[in-house]
Amino acid sequence: MKKDILMKELTDQEASIVLSVQNLTVLVNDSPLINNISFSIRGGEIFALVGESGSGKSLTSLAIMRLLPEALRVTSGTILLDQQDLFQMPEFQMQKVRGKQIAMIFQEPMTSLNPVMKVGEQVAEVLRVHLKLSGSNAKNKVISLFDEVGIPEAKTRYDWYPHQLSGGQKQRVMIAMALACEPDVLIADEPTTALDVTIQAQVLKLLKEIRDKRGLSILFITHDMAVVNEMADHVAVMKQGEIVEQAEKHEFFRNPQHPYTQKLLKDAIPSHSFKPEIDSKTLLQLTDLKVHFPIKKGLFQRTVGYVKAVDGVTLEIKKGQTLALVGESGSGKSTIGQAILKLVDSTSGSVCFSNIPKKGGEDQTENPLEQSIDLTHLTEKQMKPFRKKVQVIFQDPFSALNPRMTIDEIIREGMVSLHVGSGNKVDQDQRIEELLEQVGLLPEHKKRYPHEFSGGQRQRIGIARALAVEPELIICDEPTSALDVTVRAQVLSLLEDLQQKYQLSFLFITHDLSIIPAIAHQVAVMKEGKIVEQGSVEQVMHSPKHDYTKALLSSAPKIFSDFI
Amino acid sequence: MSFVWLWTDILVWTLVLVLIGAVRSIRRSEHVRKQWFHILKSPIAMSAAIILSVYLLFALLDSVHFQYTPSSTSSSSESSTVSVHDQGVLSLLDVILPHLRTQTERTYSAPFATHEYSSSLSYDESGSVFQVYRPLKFGGQHLTGKHSTLDDVMVKTAVPFLFSCVFIAIIFTIHLGWGFLQTRGNYIDYYENQPKPEDELPWGAAYLTLFLLVFLFSWFYYLSHFYHVLGTDKVGQDVLYQAIKSIRTGVLIGLLTTLVMLPLALILGISAGYFKGWVDDVIQYLYTTLNSIPGVLLIAAAVLMMQVIISNNSGWFGSTEERADLRLLFLIFILGLTSWTGLCRLLRAETLKISQVEYVTAAKSFGLSPFRIIQKHITPNLMHLVLIALVLDFSGLVLAEAVLSYVGVGVDPTTASWGNMINQARLEMAREPMVWWSLFSAFAFMFTLVLAANLFSDRVQTVLDPRRNN
């Protein structure tokens, strides 16, 4: 039924154009940030604006709202909303347009709501200002809006504060607020990027339902090709302030024209060839690992209960292989990584590291026997030999490097602390240059500071830092979730090359299901501190057993669904 | 002649060595050098920095003390009267300004006056008594009656004016020549390497400030040979001399207190933030307790206690200077011990934040000891906060000294300080006719210092505060 409406709209060439942007150019200091872009959105259409960070998508939306920062100037172009030129309007008239005709929802629901105001009041305020509704009328309207966006027990939730709602519910409140004045156009700026995959699916579904019900036009800004495929009727790809390709969705995915679009799609499509399972020795064995954080209350800090972050996890990581640990935020995946590194104390269970002698290494004479050591009971001093075997790569490339240290200082630190390689400074410099080249950077970069690099380059520096101590296991804590699609593909292939070259094992912590086939040999799915399912990638991805895994897989947006 | 090192002298010179070390490290790190360049790019900050360094120069000149033993070769009657004054401990500044110290009048005289401010009884040869304004011993005694004071001052202004012009010209030549030498004398290179206007420091403002300062002080210096430029006080001492001597007290309290406070705030703040748990509890308890006692009360109690100790043990001190110095040092310690809590709290919060950041986790996974992590990863990322706090605190401490001395729990009454001058002025303002120049001088000198410090700190904060950049 829904599909029929959609098809009808798409074929309807006479559909009225609601919002049209023509030849828009925005400058900062005479260099263009948006360069002569044009597109138009028809009534009831979802128009997706896709691009990597810095490509000017969000600026376009701000230009439509006339909310650009003062340093930026619109030098040419017109924006027509229902045949009215927005740039010709005086400010007081524009204020009526904002909220009433065009509404906006943002990426971060946590910061878009005022934390000291009841959520119902925040929505009601919009109604009072724009529609001049009085007290009880406004309240009733808000409750019906809350019902529409699927907030349960809307009457009670009206009096709640934002911190009492979950992330998905906050985003629903934002949507209710945007819909309050029945706008013609809704601008959604990465509305689901901060949400977990199951909640993302719910919010996307909600947006589609509202579109169908109200005939709303949505300008959907995103970087995620799979979300585009789920949502859009029409797609425009932005690169460095220009629209490089514009097409109807089916056409776009079937037959991309521009090389940049082709590359984006290629990088975004998960590989469907699973990695062969190799039987190798176990490197790390977690047995019934539990990490409980005490909740302390009262004057004497009495322990009144525990947060069971990790609750009885048994995992096995094999030499030279990758185990992907999947789960939503708060499921305890990162805590497992920290427990392996002994950055948090485990409550019970064991983390056994097998001391596999290196081939031809000096270790062979010292440790001729293969032995397994439980890391959880080691003191910091006893732990030191294992520190060089387990290293970590972080999610946020901007906070992972000390801004006051040069690149060579950052990489050298681990080598000096753990006595890896020669203690001679000249040899170390040579090793640092080697490492930089290995991760695809230049040796000249070593005297620079982190702020001079882009996100992807910083992530490479983080990898070089981990590699400097020649580890056997690297814990990758969401290493690609802050990166653009093309950069993500580069970093993943770098990790794979390194794995093959050095027989590294990875514990790959992620919430992004689409990259798993490309990197992992084994998958473990985690929920509320427990492993609900684990096995080979093929088995888990194709024939999931547990309900939660099934839910995860079905809610992840897919880039190639059967849309015909 | 032998050097006398007072405690505060030692401390202030240690601080100068630390500052030189800091400047060297600034030159090494490009990042920090850029930040300082950015700070000085504002003309106001540049002028403020120059004023501050002139104050610091006076304070340093006044911090080299020696025992002056009069040379036996002096035979004339005049030098023997001088040598009576020269007994005791003198500083380099006293030697530069000997006439200010020695040319004391009987009592009050107004700026540029030739006669005393109040009339006194006089007897003539016939024995009759009448009230006269007695002529001063030194001030304006070169006037022969042909010129009025104003004309004489105008004429005499020419000398310092010419001197400052020549002085600035010399500095400017050295400045140009140095830049020229950097390009190894290649004239074309020199012109091509001229930095663009936006990369240039505001030298115009710098030279203007320097010229004004040089002119003002050389004018004071030259005219003080003929007049009491800022008048004299109750016992006939030159007020200009007192105001200049007070610079040392003010600057020292501002600088050395931070020296006392900084290690406490850094060590306690970072330990509390990094180690958390019971360490945090103890430190937080300590500063909450200290903060809840009114500062003035604590300082007054400590100073009064020390006064008792000093008067009971007068044998400890070789001279009055040493006693006054110890009292100044003690005041500095008390101020330091009561003022670390604010910075400590700030550093604790920032450390809590930084220790959660991922590069610290990476360092932990490299097995670095907590001490190394604090040294390499946490402290460098706190330094901007420390610097902002220090520069902001400086002016507050200078003012605090004035307030405490006014209340009577500040520095020793024999120590020259703006606070003491203001304290004396309390009675002078009640006189009829009013004696205003003491208060005015103290106010003007202190105001310039505090204003310069505040303007400079404002700029430091604007540049270094990462939140303001966004």
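In this predicted model, 15 residues of chain B are in contact with 19 residues of chain A. On the chain B side, helix H15 gives the most, with seven residues. By class, the chain B residues that touch chain A are seven nonpolar, six polar and two charged.

Now look at chain B as a whole. Its secondary structure comes to 20 helices and five strands. The C-alpha trace spans about 100 × 70 × 45 Å along its principal axes. Chain B has 470 residues, and 34% of them are buried. Take the contacts in chain B between residues at least 6 apart in sequence: 74% of these join residues at least 24 apart.

H15(B) leads on to another helix. H16 of chain B covers residues 370-378, and its buried residues are B:Ile374, B:His377 and B:Ile378. Why do these residues lie on the same side of H16(B)? They cover an arc of only 110° around the axis, and that puts them on the same side of the helix.

Follow H14(B) next. Two packed helices are described by the angle between their axes and the distance between the axes. H14(B) spans residues 341-354, and its partner here is H11(B), residues 277-292. Their axes come within 10 Å and cross at roughly 145°. The crossing is left-handed. From H11(B), B:Tyr287, B:Leu290 and B:Asn291 take part. They meet B:Thr341, B:Cys344 and B:Arg345 of H14(B). This contact has three nonpolar, two polar and one charged residues.

Turn to chain A and its sheets. Strands of a sheet pair through backbone hydrogen bonds, either parallel or antiparallel. One open sheet of chain A has four strands, in the order E2-E1-E4-E5, and its pairing is antiparallel. Which strands stand at its edges? They are E2(A), residues 31-42, and E5(A), residues 84-85; each pairs on one side only. E5(A) runs antiparallel to E4(A), residues 72-81, and two bridges join them. A:Leu80 stands opposite A:Asp85 of E5(A). A helix lies across this part of chain A. H2(A), residues 57-65, lies across E1 (17-28), E2 and E4 of chain A. H2(A) runs at about 70° to E2(A).

A further open sheet in chain A has six strands, in the order E16-E17-E18-E13-E19-E20. Here the pairing is mixed. E16(A), residues 390-393, and E20(A), residues 530-536, are at the edges. Each has a single partner strand, so one side of each is left without a neighbour in the sheet. From one strand to the next, the twist averages 20°.

E17(A), residues 473-477, and E18(A), residues 505-510, run parallel and are joined by five bridges. A:Leu473 has A:Ser505 in E18(A) as its bridge partner.

Key
Residues are numbered from 1 along each chain as its sequence is written. Chains are lettered from A and ligands numbered from 1 in the order in which they are written. This is a predicted model: local features need pLDDT of at least 70, side-chain atom pairs count only at pLDDT 80 or more; totals for chains, interfaces and linings use all residues. Axes are lines fitted to C-alpha atoms, for helices over the stretch in contact, and angles run from 0 to 180 degrees between N-to-C directions. A crossing is left-handed if the near helix is turned anticlockwise from the far one by less than a right angle, and right-handed if clockwise. Two residues are in contact if their C-beta atoms, placed from the backbone, lie within 7 Å. Ala, Val, Leu, Ile, Met, Phe, Trp, Tyr, Cys and Pro count as nonpolar, Asp, Glu, Lys and Arg as charged, and the others, Gly among them, as polar. A residue is buried if 20 or more other C-beta atoms lie within 10 Å of its own, exposed if 12 or fewer, and partly exposed in between; C-beta atoms are placed from the backbone. The arc is that of the directions from the helix axis to the C-beta atoms. Two strands pair if DSSP finds at least two bridges between them.
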